[in-house]
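Please open the model in a viewer and follow the selections below in order.

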Amino acid sequence: MKATKTLLAAAAGLAMLGAGAAHAATEITFWHAMGGGLGETVNAIAKDFNASQSEYKLTPIYKGGYEETMTAGIAAFRANEAPNIIQIFDAGAATIINAKGAVYPVAKLLNENGVPFHAEDYIAGVRYFYADSKGDMIGMPFNSSTPVLYYNKDALAKAGVEPPKTWEEFETIAPKLKAAGYIALSQSHTPWIFSENFHSRHNLQMANENNGFDGVATEIKYNNEHMRMHFSKAREWQQAGYFGYYGTKWGDNQKPFIDQEVAMWLGSSGSFGGLKSAAKFDFGTTNLPYWNSITKGEDYTTFIGGAALFAFSGKDKAQNEGVAQFFKFLTKPETQFFWHKETGYVPITNAAYTLAKESGYYKDEPDAEVGIQQLNLKSAEWNKGYRLGYYVQIREVMNREYDQIFAGTKSVEDAFAAIEDGSNKLLARFAKTVQ
């Protein structure tokens, strides 16, 4: 009898253990670079995902800025302690994608874990940036934005001008804005807006190997006649008092616009929410200008900026299934619309964009739609994205040389020769690391 009671107790214990195991949620870790209010929004999405089901528990962990998060991810991967998901910014995408065996391509992850993937579901400007040359996504676009032109409505009205569609039009209105008491323009993140997006907006090739999509790029193509022309013009505008260059930091060039010293500012569509709080004047938003002399009237889309989410490989099946379910939740129209309204980043899917329009959001905030409209402009051969190794360091080379152009200590020709030389050396060094 005693033996029977013991067996029954053991069986009950095993049954309870089994029941507990069946209900234990699979843990998923998500390292990200979204601090402050953005981090709170990430936490809110994670909380909603966890509440929506009981199979998986997602834990978001803030790891610092983009560079710190990427550095932490590389170290964790080498130590076999990588999280399930990591947020990597645009300039670091090539590094993680070319790290052999590091990434579980997101299109494959979704399809192999019960979540159908269709590239056409994503808005045009987002669809290919983190994809391979066949169009299959490797990283899941997350906080996506694009450069737009913000303008002070009172300043332009005082000068009697309209926001420019082209740089030719800018040259016409800039003297009138100066006469009205304003520096016409400033812009943040010169490598992103005046370099990378300059190439997308004008459908110009950025690097060999199909901008790095078909192989490891070893040649950057910034030292071309169009870039040299644009920076020569920008230097002329600066000397004439039409263009203000306040340094390499984002806020250095945004602040004069907020302070109403500058009439127009080139920034991110993702800056919309912050500007609504900071600017004490009525402002509008329009597309990034282009040189009509280069495009011959074609109005091409721009590149996105921001970051994507990458799933590390080598995880067990249940965790991969959980990551797939989280990505499914993240791309739901309702989730993307929430993210779009809270942060200013664009909704990444057509369904989310449709939901935002049908909700009437853009009737109240028409300027919040400009970035998405721009990303849905004509796409051509050279505006799908780029994939360049050591691009974080290449941006440092560009910033150093642009500083010297606008300080008047180096000619445009010499600066772009230095950018070409420095960038190609970095690309060659990266190519050796992935051979």
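Begin by selecting helix H20 (residues 391-407) and helix H21 (residues 412-433), whose axes come within 9 Å and cross at roughly 170 degrees. Helices (H or I, at least four residues) and strands (E, at least two) are DSSP runs numbered from the N terminus; axes are lines fitted to C-alpha atoms, for helices over the stretch in contact, and angles run from 0 to 180 degrees between N-to-C directions. H20 is therefore roughly antiparallel to H21, a term for angles over 145 degrees. In the contact (heavy atoms within 4.5 Å), H20 contributes residues including Ile-394, Val-397 and Tyr-402, and H21 residues including Phe-416, Ile-419 and Leu-426.

This is a predicted model, in which local features need pLDDT of at least 70 and side-chain atom pairs count only at pLDDT 80 or more, while totals for chains, interfaces and linings use all residues. Residues are numbered from 1 along each chain as its sequence is written, and side-chain values use heavy atoms, with hydrogens and water left out.

Next, select the open sheet of five strands, ordered S2-S1-S3-S10-S4 with mixed pairing; two strands pair if DSSP finds at least two bridges between them. Its edge strands are S2 (56-62) and S4 (140-145). Within the sheet, S3 (residues 85-89) and S10 (residues 305-311) pair in the antiparallel sense over five bridges, and Gln-87 has Leu-309 as its bridge partner in S10.

Finally, select His-32 in strand S1. His-32 counts as buried because its relative accessibility is 2%, buried meaning under 20% relative accessible area with a 1.4 Å probe, protein chains only. Among its contacts beyond four places in sequence are Tyr-62, Thr-69 and Gln-87.

Conventions:
Buried < 20%, exposed > 50% of the residue type's maximum accessible area, 1.4 Å probe, protein only. Parallel < 35°, antiparallel > 145°, perpendicular 65-115°, else oblique.
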